[in-house]
Amino acid sequence: MTNNLPKISLAYQSKLTSAIVSVSVFFLIYLMLIAASLLMIFLLGYGAVKLLTISVNYFTIFGAAGLFSIGVFVFIFLVKFIFKKSHYSTRHLIEVNRSSQPELFAIIDEIVAETKVQAPKKVFLSPDVNASVSYNSIFWSMLLPVKKNLTIGVGLINSTSVGELRSILAHEFGHFSQKSMKIGGYVNQAERIIFETVYNNKDYENFILEFSGGNAVFKIFGLISISFINAFQSVLKSISSFLFKNHASLQREMEYHADAISTFITNPEEQASSLLRLELSDAAFNYSFHFYTESQQKYLPKNLYQNQLSLMKILSERNNHPYINGLPKIEADDLTRYNKSRIEIEDQWTSHPDILKRIERIKTNATRNSTADHRYAQEIIRGFDNICETMTSKFLTLHSVKNVGEVIDNETFVQLYLDNNTYKAFSSDFNGYYERHNPVVEDIESSASEITSSSFEDLFSDKKVSLVYEKSGIENDLQTLQYLISYPKEVKTFRFDGTLYKTKDAKSLIPQLENELKRVKEELQENDKAVFRHYYNIANQDQKKDLFNKYKKFAVIDQEFDDFQRSLNDFTVHLQFMATTLPFDEIRKHRAQLLKAEKPFKQKIRELLEKSAYVEALNHEDKTLFQEFTDSEYIYFNKDKYLEHEVQAIFLLIEKYQALLNDHYLNSKLDLLNFQSDLHKN
């Protein structure tokens with residue numbers, strides 16, 4: 001057995017102290033508010049009695065009852081969460097034991113021996129791509145040394161090796177060893193109090209007003225009660241940020257510590273590979289599920305986890321992830337390929353550190369480098385296919401998917417998915433240069449007359465491709481700095497190029513980034529001109545004319561796209577009220593704004609239909625739809641109800657409009673790039 005597991009760090013101890021202090025402060029303030037409400041009951045009750053001793057009549061009786069009710073209503077507001085039943089269910093889980101899953105429990109027993117922690121009380125399988133530690137009763141976990149449960153997601157087992165699964169379980173058992181998990185129970189209760197008092201109190205306030213009935217005196221006292229409640233809410237809300245940020249900070253340190261334990265008793269390679277694959281695995285599972293929900297009950301899955309594996313394969317091929325030992329290998333560089341941001345802001349609300357930060361720590365953790373096990377994790381789960389089918393059914397029930405539609409096998413799913421999600425890839429000739437960059441050349445006439453040329457390899461070199469992502473990174477950083485300037489209280493500090501800055505210094509960095517962006521844009525424009533000249537020079541006369549026209553046409557499409565997209569964005573904000581339950585008067589106000597916004601939007605659609613480069617992509621059905629809208633006089637809402645035909649018509653129009661912009665832009669870009677690629681091959 002091991003006696004030298006990683007100890008908690010000084011940072012961990014500091015965060016733990018802060019979390020304990022914040023939880024203690026919260027409950028102290030909460031108890032003070034309860035005491036204040038009880039004092040209100042006593043004082044107002046005393047006042048009510050004094051009022052009745054003066055005279056007993058209609059007004060004094062109602063006045064006394066109203067006074068006393070203020071304290072009672074405030075007290076109930078503070079404690080009503082106690083009577084709220086928890087609706088958490090384990091029906092979507094499968095409990096497993098030693099006799100049904102001996103290979104899994106052999107790994108669990110080994111890790112328990114290594115870490116010297118209590119074995120889990122129960123082990124569950126869940127439908128998710130996740131693993132977690134929890135208590136049966138959060139309340140009793142605050143008071144007693146209650147055993148923890150271990151939950152392992154079937155979606156996680158389905159996409160890991162045995163060694164990777166072992167490293168994940170070792171991480172979870174790292175949490176088993178953390179006594180600070182008990183803090184989570186207190187924070188959970190605090191969250192429950194805050195949710196029920198601050199964010200879920202509208203029904204209670206309505207009840208107070210309804211309780212007063214038509215009595216004007218009671219209604220006044222009801223409004224006074226709500227005023228006191230709002231004051232108490234502001235106190236609870238003000239302390240909630242302090243509490244949740246400190247707990248999230250502690251949770252991040254708990255993750256690092258659990259990682260350190262996992263690294264020590266397993267190995268960093270398998271630990272890192274499982275973390276890096278997690279996003280792909282989760283995306284494949286969610287895309288599989290969304291396929292069925294978007295089919296409008298036409299199809300049902302037999303086995304979502306076979307679908308998950310198939311989509312992992314498809315997504316890996318599209319992103320050039322190699323398969324090693326039967327599973328996709330994701331590198332750390334793959335997660336940062338498109339992210340060249342130089343600004344780093346710590347998310348104070350997240351409970352898990354960034355994966356790349358975790359991997360950096362894992363590389364420096366002490367380890368015994370246990371032997372890797374590349375077998376599929378599903379191989380150690382007995383009856384795995386049956387479990388997957390059962391979990392598929394449970395997952396559908398959990399998400400209220402009706403048991404209707406044709407049940408399809410995995411081969412049919414893959415074919416239907418590919419048919420519905422056509423992937424249009426750019427030629428590999430360009431080394432990813434055009435993945436996030438568009439072939440728009442300014443002053444193309446003068447470029448065509450120049451005779452200078454560059455080597456093909458240099459035009460699409462890694463250095464030139466890097467310029468594309470550098471531009472995107474600078475643009476994103478400028479947006480971030482503008483946000484920090486607009487909301488200076490949201491974030492106190494940030495890092496830029498590794499140097500710590502205060503938010504008030506954000507403005508000083510903008511000129512530097514704007515100059516860098518100008519330089520990068522100029523370099524990209526010069527390279528785009530060189531690309532055009534290269535293909536123009538190798539083309540024959542007919543091809544030169546076609547290439548020139550395609551560039552000219554795409555430049556128009558690119559310019560019009562921005563104009564039409566801006567018009568769409570300006571209009572759709574006025575449709576959002578339809579997705580929210582509002583009083584009729586509010587709906588009418590929003591409708592008036594919508595009808596006003598319709599006029600410029602209709603004019604843009606007329607321009608699109610009459611003289612834009614996009615009209616050639618419109619089929620007859622879409623043209624009719626667009627024309628009907630421009631000629632319409634929709635009112636959307638009448639006699640206190642929405643006109644469903646008109647509402648459906650406008651949302652269908654928006655869907656078709658956006659699809660037209662996106663599809664024609666992409667198809668035109670592909671047409672130009674494929675033409676270039678063919679020129680080079682010929």
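Predicted model: local features only at pLDDT ≥ 70, side-chain atom pairs only at ≥ 80, totals over all residues.
Q: Thanks! Which helix is K471 found in?
A: K471 sits in helix α18, residues 462–486. Helices here are DSSP runs of H or I with at least four residues, strands are runs of E with at least two, and both are numbered from the N terminus. Residues are numbered from 1 along each chain as its sequence is written, and side-chain values use heavy atoms, with hydrogens and water left out.

Q: Is K471 buried, exposed or partly exposed?
A: K471 is partly exposed, with a relative accessible area of 21%. Buried means under 20%, exposed means over 50%, and partly exposed is in between, using a 1.4 Å probe and protein chains only.

Q: What is K471 in contact with, beyond its neighbours within four places in sequence?
A: That would be L517, V520, K521 and L524. Contact means heavy atoms within 4.5 Å.

Q: And how many Å separate the C-alpha atoms of K471 and Y199?
A: They are separated by 41 Å, and the two residues are 272 residues apart along the chain.

Q: New topic: how many residues does α21 have?
A: Helix α21 covers residues 584–611, which is 28 residues. From first C-alpha to last it reaches 40 Å, close to the 40 Å expected at 1.5 Å a residue. That expected span is 1.5 Å times one less than the number of residues.

Q: Where does the kink in α21 lie?
A: At K599, shortly before the proline P600, with a bend of about 30 degrees. The bend is the angle between axes fitted to the seven residues ending there and the seven starting there.

Q: Which residues of α21 are buried?
A: Among them are I587, R591, L594, F601 and L608. The buried residues of α21 pack against α20 (541–572), α22 (620–631), β12 (637–638), β13 (641–642) and α23 (644–681).

Q: Last one: how many helices and strands does the protein chain have?
A: There are 23 helices and 13 strands. Of the 682 residues in the protein chain, 45% are buried.
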